[in-house]
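Thanks for coming, everyone. Have the sequence and the structure open while I talk. I'll keep this quick.

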Amino acid sequence: MKDVLSFFVSIVTQPSILVALIALLGLVLQKKKATEVIQGSIKTFTGFLVLIGGSTILQGALAPMAKMFKFALHVQGVVPSNEAVVAIALVKYGSLTALIMFVGMIVNILLARFTRFKYIFLTGQAMLYVSCLTAVILVSAHLGDGWETIILGGIFEGTLLTVTPALCQPFMRKITNGDSVAMGHTGNIGYATAGLIGKLFGNPKKTTEDIEVPKSLSFLRDSTVSITLLMAIVYIALAIVTGPHFIETKLSSGTNYIIYSLVEAGTFAAGFVVVLQGVRMILAEIVPAFQGIAQKLVPNSKPALDVPIIFPYAPNAVLIGFFVSFIVGTISMFIMIGLKTTVIIPGVVGHFFCGAAAAIYGNAYGGRRGAVLGSAFNGILISWLPLLILPVLGNLQMAASTFADTDYLIPGILLGNLGSLGTVAIVVGILAFLGVVILLSIFLNIRDRNSKKA
């Protein structure tokens with residue numbers, strides 16, 4: 001049984017393999033030629049590896065920045081990092097996490113098949129992390145690790161991963177100028193909120209991508225050049241504050257601290273370029289291949305893919321969102337120090353990916369103002385909500401890390417507080433969540449039919 005679970009986890013936690021298999025299935029269902037099936041599957045597989053490689057480069061370039069920031073400010077506290085907290089939790093909850101994830105995938109497919117929410121969540125590591133969070137909270141709520149926990153956890157996860165892409169889709173249509181791809185990330189609640197804030201308070205006539213650049217600085221219109229220069233300024237300024245000794249002894253292996261900072265800034269830009277290339281490859285293959293699944297197994301379904309999928313649509317918003325979110329996180333940290341509460345140190349990776357996406361969503365209907373306001377509000381959420389989730393994580397609340405994104409934090413806090421009311425409350429809450437989503441689907445379908453008749 002352990003070998004089977006291990007094999008299953010190995011597949012679903014590797015997005016490149018999972019999505020390549022989805023593409024293969026879609027092409028086979030369309031009865032494509034063997035050569036087309038092989039070509040499409042391999043290109044999808046390779047495209048995702050390129051995307052993951054770019055994301056890894058980005059995270060690698062951001063890691064020294066986080067260490068420099070922490071050393072320069074002499075701050076100790078909890079750093080939100082999904083990867084770190086899940087790595088700790090899987091030691092104890094590994095098998096339960098895998099089984100919840102398996103049930104969750106089945107629930108997601110069934111809901112996509114029989115409700116109006118036609119989104120199949122394909123970001124493997126995000127599914128694993130949501131499963132792990134669910135397992136930790138349910139066990140901490142004294143449900144044990146039996147089949148009841150597996151079924152309930154799978155229902156909760158599958159329902160959550162079906163409905164959160166639906167929250168984002170109105171904004172995804174605007175961002176991508178289409179309706180073929182959905183957002184499959186664990187910041188969806190924050191992104192949808194950022195989009196709504198942009199729509200309510202922004203100005204769509206002035207988008208982040210129309211920022212005017214003087215002719216003498218026209219070279220800045222090249223995103224690679226502008227990202228490199230901007231990150232170089234930030235890195236060098238932080239390096240000067242941190243000082244050469246720490247950087248050259250702890251980070252750069254003796255390389256001059258200014259030169260090291262320049263290389264890391266360039267590495268960040270290189271990672272961004274790689275991400276963009278991976279996105280192009282994936283969209284060129286997975287969308288046509290997914291039509292086979294949409295036609296045969298889950299009619300009209302859409303693949304929900306990882307967050308970098310939207311970065312090419314608004315590269316200026318990416319940088320604006322990152323810096324706004326990180327600044328909000330830093331200000332929040334100083335407020336926590338003043339309040340003498342647990343200090344949440346801003347995680348650079350979380351603020352980059354979630355802040356960037358929130359700005360893109362805010363920009364969709366609200367332009368530059370929407371991008372700033374949306375990413376700022378999302379920054380507040382991911383800075384302060386970790387304080388509220390710590391009490392419901394059982395033994396993990398003593399770890400030096402915690403969950404980082406809104407789709408862990410908000411559902412996790414709600415689920416954990418239900419658990420504090422007793423087993424009956426958490427069971428009723430999960431089943432009610434599923435019931436509300438199904439009833440909402442029925443209601444919206446009836447409304448649409450009536451509006452067409454009218």
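One term before we start: a helix here is a DSSP run of H or I, at least four residues long, and helices are numbered from the N terminus. Keep in mind that this is a predicted model.

Start with helix α5, residues 124–140. The helix has 17 residues. From first C-alpha to last, α5 reaches 24 Å, close to the 24 Å expected at 1.5 Å a residue. Is α5 mostly covered or mostly open? Mostly covered: 14 of its 17 residues are buried. Now step just past the end of α5. There, histidine 142 takes a positive phi of about 70 degrees.

Next, the sheet. Three strands form an open sheet, in the order β2-β4-β3, and the pairing is parallel. Which strands sit at the edges? They are β2, at 119–121, and β3, at 182–183; each pairs on one side only. Look at β3 and strand β4, residues 302–305. These two run parallel, joined by two bridges. Methionine 183 stands opposite leucine 305 in β4.

Last topic: empty space. Rolling a probe the size of a water molecule over the atoms shows where such space is left. How many cavities of 30 Å³ or more turn up? The count is one. The volume of the largest cavity is about 60 Å³. Its lining includes Pro80, Ile344, His351 and Ala404. Helix α12, residues 348–389, gives the most to that lining, with three residues. By type, the lining has five nonpolar residues, three polar and no charged.

That's my tour. Over to you for questions.

Terms used. Residues are numbered from 1 along each chain as its sequence is written. This is a predicted model: local features need pLDDT of at least 70, side-chain atom pairs count only at pLDDT 80 or more; totals for chains, interfaces and linings use all residues. Side-chain values use heavy atoms; hydrogens and water are left out. On a 1 Å grid over the protein atoms alone, a cavity is a set of points where a 1.4 Å probe fits but cannot get out, and a pocket is an open set with protein on both sides within 12 Å along at least five of seven lines; lining residues have an atom within 4 Å of a point. Grid points are joined across faces, edges and corners, and a volume is the space filled by probe spheres set on the points. Ala, Val, Leu, Ile, Met, Phe, Trp, Tyr, Cys and Pro count as nonpolar, Asp, Glu, Lys and Arg as charged, and the others, Gly among them, as polar. Two strands pair if DSSP finds at least two bridges between them. The expected span of a helix is 1.5 Å times one less than its number of residues. Buried means under 20% relative accessible area, exposed over 50%, partly exposed in between (1.4 Å probe, protein chains only).
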